[in-house]
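Please examine the model shown here, with attention to its pockets, its ring contacts and the surroundings of its ligand.

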Amino acid sequence: MFGLSCDWNLEVPERYFTMENYAGGVARWCPACGDHTVLSAVQRICRDEQIPPERIVAVSGIGCSSRFPHYLHAYGFHGLHGRALPVACGVKARRPELQVWVATGDGDCCSIGAGHWLHAVRYNMDMTVMLFDNNIYGLTKKQTSPTTPIGLSTNTHPGGAFLPPLDPVQTTLGMTNVSFVARTVDWNPLHLYATLRRAYEHKGLSFVHILQRCPTYTPDVFARLQQNPDKVLVLTHEDGVPVDPAVARAFPTQRPHDPRDLAQARALGSTSADEVAIGLLYVDPTAPCYDQWTAQGVEMTPEARLAAVDRALERFAI
Ligand code: SF4
Ligand code: MG
């Protein structure tokens, strides 16, 4: 028709995703906020793994970092205070094929969300949990968070925070059925990327503690580490986070660590020690994953589901 030739055997070219395909709204975090680097690392992983945007879900609670889903072009759920993890578990329970990224902060996860944190780690569903730890409630303007160091003046404790800070890594390492715990820093994009990619590859809940700069409210909390890179202890192991030569140059102090050694991971996990360890602290690929159970029956038709319920009820027939 009209002289056009239609070759119906043409194959549809495969989709190739670029960084632009994962770019959501313009990020409104402060200039030099570490959140920008984390977003960029996740977008790069999605690009490098060629994950279709429609197969990604970013879930968050409340806080500066919890604006993450708005800036990643994918499905997103900006949840309630501390509720990122139960939402993420719900997504994973019914749509196990989706890639789930959770963005949560030290206030969101370690305070109001702490109960959910405990159980999500135990459920060990396949997702990557990024704890953006800037040692402060940033969105609500400099209130003491569970990880605020003693003595830091905040709006809720002008004379300085009173209590010893909670350590997210050591706390997670004490939870039942923990399967992956790593730490990285936002000011080294190569190590950040490698850590998040290793976490993405792990099957189970990957908990990544990210030391995140907040130049607006806690500009000095990581100054000791930034000014003394030898105080950052890079963990090395063939199963760990790969160490790029540029990372090794930036952080000259390295230490072999078998990530299956839980006792050693606990000893290395503290952020209050003189040297702060980054890399893979702990992994247990054999830990049971609850989503393998909840996924059963997801594909059943309503009729098959009804028949299964009938069969179950028949066992109680008198
Ligand atoms: Fe980032 Fe801090 Fe600004 Fe929040 S207040 S966007 S954490 S720099
Ligand atoms: Mg915070």
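## Basis

This is a predicted model, in which local features need pLDDT of at least 70, side-chain atom pairs count only at pLDDT 80 or more, and totals for chains, interfaces and linings use all residues. Residues are numbered from 1 along each chain as its sequence is written, chains are lettered from A and ligands numbered from 1 in the order in which they are written, and side-chain values use heavy atoms, with hydrogens and water left out.

## Pockets

A pocket is an open set of points on a 1 Å grid over the protein atoms alone, with protein on both sides within 12 Å along at least five of seven lines; a cavity is a set where a 1.4 Å probe fits but cannot get out, and lining residues have an atom within 4 Å of a point. Points are joined across faces, edges and corners, and a volume is the space filled by probe spheres set on them.

The largest pocket holds about 370 Å³. Its lining has 18 residues, with N135, P149, P165, T271 and S272 closest to the centre. At least two lining residues come from each of β6 (205–211) and α8 (223–227); helices (H or I, at least four residues) and strands (E, at least two) are DSSP runs numbered from the N terminus. By class, nine residues of this lining are nonpolar, six polar and three charged. Here Ala, Val, Leu, Ile, Met, Phe, Trp, Tyr, Cys and Pro count as nonpolar, Asp, Glu, Lys and Arg as charged, and the others, Gly among them, as polar.

The second largest pocket has a volume of about 280 Å³. Of its 20 lining residues, I62, G63, G107, D108 and Y137 lie nearest the centre. Helix α4 (residues 106–112) gives the largest share, five residues. This lining has seven nonpolar, 10 polar and three charged residues.

## Aromatic contacts

Seven aromatic pairs are present. Rings of Phe, Tyr and Trp (its six-membered ring) pair if their centres lie within 6.5 Å; planes under 30 degrees apart count as stacked, over 60 as edge-to-face and the rest as tilted. F17 and Y22 have ring centres 6.2 Å apart and planes at 55 degrees, so this pair is tilted.

W29 and Y71 form an edge-to-face pair, 4.8 Å centre to centre with 85 degrees between the planes. W29 is in the segment before α1 (35–49) and Y71 in helix α2 (residues 68–71), so the pair ties together parts that are 42 residues apart in sequence. W29 is buried at 8% relative accessible area, and Y71 is buried at 3%. Buried means under 20%, exposed over 50%, and partly exposed in between (1.4 Å probe, protein chains only).

## Ligand shell

W29 also belongs to the shell around ligand 1, together with C30, C33, C64, N134, Q212, C214, P215, T216 and Y217. A residue counts as near if one of its heavy atoms lies within 4 Å. The shell has seven nonpolar, three polar and no charged residues.

## Backbone angles

Q50, a residue other than glycine, has a positive phi near 50 degrees. Q50 lies in the loop between α1 and β1 (56–60) and is partly exposed at 23% relative accessibility.
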